[in-house]
Amino acid sequence: MSETTVLPDVIRNVRRVPADIVRQLSEFPSSILADVAGRRGALHGRIQPLAPSMRCAGTAITVEVRPGDNLMIHAAMAIAQPGDIIVVDGKGDLSSALMGEIMSQQCVALGVAAVVIDGAVRDSEAIRALGFPMFAAGLNPNGPTKSISGRLNHPISIGGVTVHPGDLIVGDADGVTVVERDKAASLIALAHEKVKAETKRIAGIRNREALRPPWLDGALRAAGVIKGGETL
């Protein structure tokens, strides 16, 4: 029998999306990237920025915690590199905050690009004033414990999406989209094409030359709403 390698709970080294690819994809909205990635990768809508103006793009440092305990988030901050985004599987628990102003200030000083938490945070007014991109499932004034082990830089599930360490994370007012690390580069051209097509469509609506999508009748026929040769 072959021996099975058991990974440590804390993995320090992460293969990240190259910085130039992060920079190029940061120019696109989360919605565009979700579309060109096959309409997948968008986290559940409960995970939202604390302010609509908050935007982020960076590579994932993944964290799994027990509900209400933030020990492993501190561990993630200890190994994070500038431009990383700390992504936390907080189990959707809203009974206590996992981060607040002090940790957000520390993230800014470390160069962490953002934090995404499937859980609660606190000190929301201070974090908004700081301008640090914080995406969370809710708010709660209760503080966390710091005593329970978890895992760092293992695959996690957050907001219905699997996130691997090093994946691309893009967040804005609409929410957060995760792009698989090895697919990120291939989405650049597709995203440019999508933006070009949408810009043309909007122009057609505004000048009243294209007030209905060209695919509508075909889709209605395929769905059995209208018959072949029929149109609306």
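Me: How do the residues lining the largest pocket divide into nonpolar, polar and charged?
Reply: Happy to start there, keeping in mind that this is a predicted model. The lining includes Val161, Val178 and Leu187, along with Arg40, Asp167, Glu180 and Lys183. Sorted by class, the lining residues come to five nonpolar, three polar and four charged.

Me: Which elements give two or more residues to that lining?
Reply: Among the lining residues are Val161 and Thr162, and also Val178 and Val179. The elements that give two or more residues to its lining are strand S8 (161–163) and strand S10 (175–179).

Me: Why is S10 largely enclosed by the rest of the structure?
Reply: Good one! Buried here means under 20% relative accessible area. S10 is largely enclosed because its buried residues number five of the five.

Me: What stands opposite Val179 of S10?
Reply: Let's look at the pairing. S10 runs antiparallel to strand S9 (residues 168–172), with five bridges between them. A hairpin of two residues links S9 to S10. Opposite Val179 stands Leu168.

Me: What share of the chain's contacts with a separation of 6 or more comes from residues 24 or more positions apart?
Reply: For context, the chain has seven helices and ten strands. Of its 232 residues, 44% are buried. Among contacts with a separation of 6 or more, the share from residues 24 or more positions apart is 73%.

Me: How much of the accessible surface belongs to carbon and sulfur atoms?
Reply: The C-alpha atoms fill a box of roughly 65 × 55 × 35 Å along the principal axes. The chain's accessible surface is about 12200 Å², and the part belonging to carbon and sulfur atoms is 54%.

Technical notes:
Residues are numbered from 1 along each chain as its sequence is written. This is a predicted model: local features need pLDDT of at least 70, side-chain atom pairs count only at pLDDT 80 or more; totals for chains, interfaces and linings use all residues. Side-chain values use heavy atoms; hydrogens and water are left out. On a 1 Å grid over the protein atoms alone, a cavity is a set of points where a 1.4 Å probe fits but cannot get out, and a pocket is an open set with protein on both sides within 12 Å along at least five of seven lines; lining residues have an atom within 4 Å of a point. Helices (H or I, at least four residues) and strands (E, at least two) are DSSP runs, numbered from the N terminus. Ala, Val, Leu, Ile, Met, Phe, Trp, Tyr, Cys and Pro count as nonpolar, Asp, Glu, Lys and Arg as charged, and the others, Gly among them, as polar. Buried means under 20% relative accessible area, exposed over 50%, partly exposed in between (1.4 Å probe, protein chains only). Two strands pair if DSSP finds at least two bridges between them. Contact means heavy atoms within 4.5 Å. Accessible areas come from the Shrake-Rupley method with a 1.4 Å probe; for residues, only the protein chains shown count as cover.
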